[in-house]
Amino acid sequence: MWIVPILAIAAALIALRPSRIPYAGKTFACVGLGLGLFFGSWAVASHGAAEQVHLNSAKRFATDWLNCFKSGEAEFCFEMTLPEKQRRYKAVNLESFYANPAAPDDGQDAPPGEPVFSDFIEQPLVKSLLNADKKPEWEFDGAINTFKTVGLRRWTLRFRDTSGTITDPISVTLEARETHDAKNKWVIKDVVTAE
């Protein structure tokens, strides 16, 4: 869609160039130039606004997720690392569900690459978030990285603890898949100490 305003501006500038031959259509060329500039600037502004909306949504989700550690909701924090279809928090009591995990059938293992609750709570950063004496107060410190493709957006955001409980800044990587109703379904992909 960016090509149409650029072509309109180029065509208008060509039509408005000085010439010894009298020509008609100067008014149409000026209108075309104005419309090309208008729609071109609109495309740039709407792209920037969409980026800001996505960033604000990612910041809000990541901040809410980090704040869940304050209340010791390790199970809910883990659920947010799962794809939307695999989350159980709406249907079951997470604390009892993860306290008594169902044993896999004979010969079956967990699918490769799928997050496991016991591995999640054993991560050093997750342990420090859950066991902190003084609860961290998170402040957004910038977007480190972003990746965008059709229907998928990935952000790596940096947060700093203003209370001093967690001394190093942390990076939260989260991903959103756009659904048919244009809503983002965020998933936490990683949380690490920022370098």
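# Briefing on a predicted single-chain model

The chain has a radius of gyration of 25 Å, whereas a compact globule of 195 residues would have one near 16 Å. Along the principal axes, its C-alpha atoms fill a box of roughly 85 × 45 × 25 Å. The model is predicted, with a mean pLDDT of 83 for the chain and 91% of residues at 70 or more.

**Overall architecture**

- The chain contains six helices and four strands, and these follow one another along the sequence in the pattern α-α-α-α-α-α-β-β-β-β.
- Of the contacts between residues at least 6 apart in sequence, 48% link residues at least 24 apart.
- Buried residues account for 30% of the 195 residues in the chain.
- The accessible surface amounts to about 12,800 Å², and carbon and sulfur atoms supply 58% of that area.

**Confidence**

- Among the elements, strand β2 (residues 152–161) has the highest mean pLDDT, at 91, and helix α1 (residues 3–15) has the lowest, at 82.

**Nonpolar core**

- The largest nonpolar core comprises 31 residues. The residues with the most contacts inside this core are Trp65, Leu66, Leu157, Phe159, Ile170, Val172 and Leu174.
- Two or more residues of this core come from each of the helices α2 (26–68), α3 (74–79), α4 (94–99), α5 (117–122) and α6 (124–130), and from each of the strands β2, β3 and β4 (184–193).
- Helix α2 makes the greatest contribution to this core, with six residues.
- Beyond four places in sequence, Phe159 touches Lys59, Ala62, Thr63 and Leu66, among others. The partners of Phe159 also include Trp138, Glu139, Phe140 and Asp141, as well as Pro169, Ile170 and Val172.

**The Thr156–Thr173 pair**

- Thr156 is found in strand β2, and Thr173 lies in strand β3.
- The side chains of Thr173 and Thr156 make a polar contact at 3.2 Å.
- Thr156 counts as buried because its relative accessible area of 14% falls under the 20% cut-off.
- Thr173 also has a relative accessibility of 14% and is therefore classed as buried.
- Setting aside neighbours within four places in sequence, Thr156 is in contact with Ala143, Ile144 and Asn145, and with Ser171, Val172 and Thr173.

**Thr162 in the β2–β3 loop**

- Thr162 is located in the loop between β2 and β3 (170–178).
- With a relative accessible area of 51%, Thr162 is classed as exposed because the cut-off for that class is over 50%.
- Apart from neighbours within four places in sequence, Thr162 is in contact with Glu137 and Glu139.
- Thr162 and Asp119 are separated by 43 residues in sequence, and their C-alpha atoms are 28 Å apart in space.

Methods. Residues are numbered from 1 along each chain as its sequence is written. This is a predicted model: local features need pLDDT of at least 70, side-chain atom pairs count only at pLDDT 80 or more; totals for chains, interfaces and linings use all residues. Side-chain values use heavy atoms; hydrogens and water are left out. pLDDT is the predictor's confidence in each residue, from 0 to 100. Buried means under 20% relative accessible area, exposed over 50%, partly exposed in between (1.4 Å probe, protein chains only). Contact means heavy atoms within 4.5 Å. A nonpolar core is a set of buried Ala, Val, Leu, Ile, Met, Phe, Trp, Tyr and Cys residues joined through side-chain atoms within 4.5 Å. A polar contact is a pair of N or O atoms within 3.5 Å; within protein, one must be able to donate a hydrogen and the other to accept it, and residues adjacent in sequence count only if both atoms are side-chain atoms. The radius of gyration is taken over C-alpha atoms; the globule rule is 2.2 Å times the number of residues to the power 0.38. Accessible areas come from the Shrake-Rupley method with a 1.4 Å probe; for residues, only the protein chains shown count as cover.
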